[in-house]
Structures are given as C-alpha cells and as structure tokens.
Amino acid sequence: MSNYIGYRCPVCGKTFAQGDDVVVCPDCGAPHHRECYRKLGHCAYEDKHASGRQWQPEGEAAQDGQGQSQATLVCPRCGSHNPAGNIFCQVCGHQLTAGENPGVDYGYGPDPYRNGPEGGGYQGYRQDYGYGPQQGREQQDPFFSPFSPRVDYNQEVAPGISVKEVCDYVGPNCWTFASKFNALARSGGFSLNWSAFFFSFFYCFYRKMYKLGGILLAIAAAAMIPVFWFAYPFFQEIWSQYGTLTVEALTALTTTAAAQNFATASSVFRAVMFFISAFCALFFNRAYFAEVCRNIRSLQKNGHYSSGSPEYNYALARKGGVNSNAVLVLVCTIMVAYIGACVWLTYQLI
C-alpha cells in the first residue's frame, strides 16, 4: 500500500491514503480503489492493454530527460512490474530477490518479459490464458497444470472475494477449486471430489478442515469400538476350541453367536466408512467453499492488511494451503492405536 500513497485512482481521481483498500490491475499494474474497480467492472486503462502499456507512477517519466522510467523488478510468478525497492510482488506476493528478472520499463512500450518468446504471453494468473499458448507457464505458476480450467482472475467467486484471493488461499490445485466454487456459487447442487472420496477424513486434515475431519474421525472410531468389543468373545471361542488362530479355525466357526456378532459389527463398520467416503465426495467442496470464504472475510476484516499487499497475500497462504504433517501425524496415531488394541486383545486371550 505504501507504494501508492499520494498517487491518484484513475476512476475517482482521489489520491490513495494509508489504509485505503487498493487493488492492482493484473494486466497493466494500475492501482484502483477496490470499490471503484468493482463499480467500473474493469481497469480504467483497459483500452490500452492491447498495446502492452504499463502503468507508471505520476511524474516518474518526467524525472528522466529521455522519458525512461526507473528500473523495475518483474515478478517471475505473475509477470507484474514492481518498484525496484520492493521485496515482494505487489500483485501476487511472490518474493522478489536480487537478480530475479530485473528490467527497465520504457514508458508504456512493449514488455519483453510478459510477451517475449520465453513466456508465450502473460505469466501467472491471467484471464487471458484460457487454453491459449502456455509455454513456460509451468515454470512461472507453482500451481499450474495442463488441465487448469478457464477462470477469470478478477471474477468474484463470492461477494467481496475474488478468484485471486481464493487461489492464494487454496494453494495446490487452486484453479480446479476456483472453477468448482464458481459452479457452486452459480447453481449450487453437488460437486464431486474424488480425492475426498478415497481419502475421506484424511483429506479433510490435508486441506486444514480440522473440525470436519475430527467429526468424521470420531464417527469412524465409534464404529470401530463394537468390532473390538465382539472380537474378544469370538477369538476367545476359537482359542478355547483350537488353541490357535488359523484360517481354518476362523472359517469353521461362522454360525456361532459370537461369530455372527463380530461379522455384523464388521459389516456396520464398513458401511460407516463407505458413508463417510460418500459424504466427503458429495459435500467436501461445499464445506470447503464455505470455510475458504469465512476465513478470507475474517482476514479482510481483522487482518489489518491492505488488499493486494504482500502481507495480505502471505496471510492468505499461511491461513490456507495444505498440511501434509497433519496427515502424517494422524496416520501414525491411528496405526499406534490399532496396534495397541491388537496387543491388548492378544494379551487378554493368552
């Protein structure tokens, strides 16, 4: 935000002050008041985008008798130009280090970094991408995949929440989620998530949906208790008749009450696990959409960051993203609990 204090919004003409909610055009870098940009519906210099013109601070060109502006840093992630002193990109928040694509911006002329042979067009999150040339984008966009859907970078997924903010929050596979969120916002209904189906509550913990994951884990644990409860008399019966646990012994005692109770408890557990997987497949995207919107609005209201600032972008990334460590801890905990229960059951039989 401090880079734009004293400059004028091209829509309302008012100068930017500390604390103003400022958004930056992803194509030319021109700052606007968020409300002004929203009312206009596009950048005030949209008619200049085709010529490749870049926004320049007022009076900067006059400082050079040749009309040449100060050196700028080109963000390797989104292709936006930043003042030479910036540490982080003012558009996407990517860290700008010394020697990373420094360049000189000659007024509103062509930009060799954004339209050069290496980039094949705009870099990073751009509505211009569609399914057009994408050569080199996988090196610039850490969340790029060849199947990234066509999503408008500036479109609002929910009131006051843009696709850019959703992408910063979600992290890996953000474009797919942005597309699914758009569909849910427009028509509601169901949105399938096969990763959530196969990994159920593990996937909830991976996406930092700890509350939902904890509830589903508790349901699965509760369904497992009867399995161990009826396993003891069943295995005790086998041990008393055969003196050992073998496949023949397990298959021979299938009509006893203990065996039927154990089989019923196991069937109920499998049914519960399938229900959890089906629930995650059908409702995870909707629950995740609500969680993303709630957390982004919380940061907008209580984060004390200017929208579009590096601090705000990094706050979104820290709040969202994924947590592989939580999944690893959960897997280890379940394995230890299961092994402990099996050891206890064996000790009771012996």
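**A close look at helix 5**

A: Helix 5 covers residues 174–187, so to speak a run of 14 residues, and spans 20 Å from its first C-alpha to its last, close to the 20 Å expected at 1.5 Å a residue. Helices here are DSSP runs of H or I with at least four residues, strands are runs of E with at least two, and both are numbered from the N terminus. The expected span is 1.5 Å times one less than the number of residues.

A quick word on the source: this is a predicted model, where local features need pLDDT of at least 70 and side-chain atom pairs count only at pLDDT 80 or more, while totals for chains, interfaces and linings use all residues. Residues are numbered from 1 along each chain as its sequence is written, and side-chain values use heavy atoms, with hydrogens and water left out.

Now the way in. Asn173 sits in the loop between helix 4 (163–170) and helix 5. Its phi is near 65°, a positive value in a residue other than glycine. Most residues other than glycine have a negative phi. With 41% relative accessibility, Asn173 counts as partly exposed; that class lies between buried (under 20% relative accessible area) and exposed (over 50%), using a 1.4 Å probe and protein chains only.

Within helix 5, the buried residues are Cys174, Trp175, Phe177, Ala178, Phe181, Asn182 and Leu184. At the other end, helix 5 is followed by Gly188, which has a positive phi near 70°.

And the packing? The axes of helix 5 and helix 9 (residues 257–302) come within 10 Å and cross at roughly 95°. The axes are lines fitted to C-alpha atoms over the stretch in contact, with angles from 0 to 180 degrees between N-to-C directions. The two helices are therefore roughly perpendicular to each other, a label for angles of 65 to 115 degrees. On the helix 5 side, the contact (heavy atoms within 4.5 Å) is made by Phe177, Lys180, Phe181, Leu184 and Ala185. Helix 9 brings Phe284, Asn285, Arg286, Tyr288, Phe289 and Val292. By class, that contact has eight nonpolar, one polar and two charged residues. Nonpolar covers Ala, Val, Leu, Ile, Met, Phe, Trp, Tyr, Cys and Pro; charged covers Asp, Glu, Lys and Arg; the others, Gly among them, are polar.

Conventions. Parallel < 35°, antiparallel > 145°, perpendicular 65-115°, else oblique.
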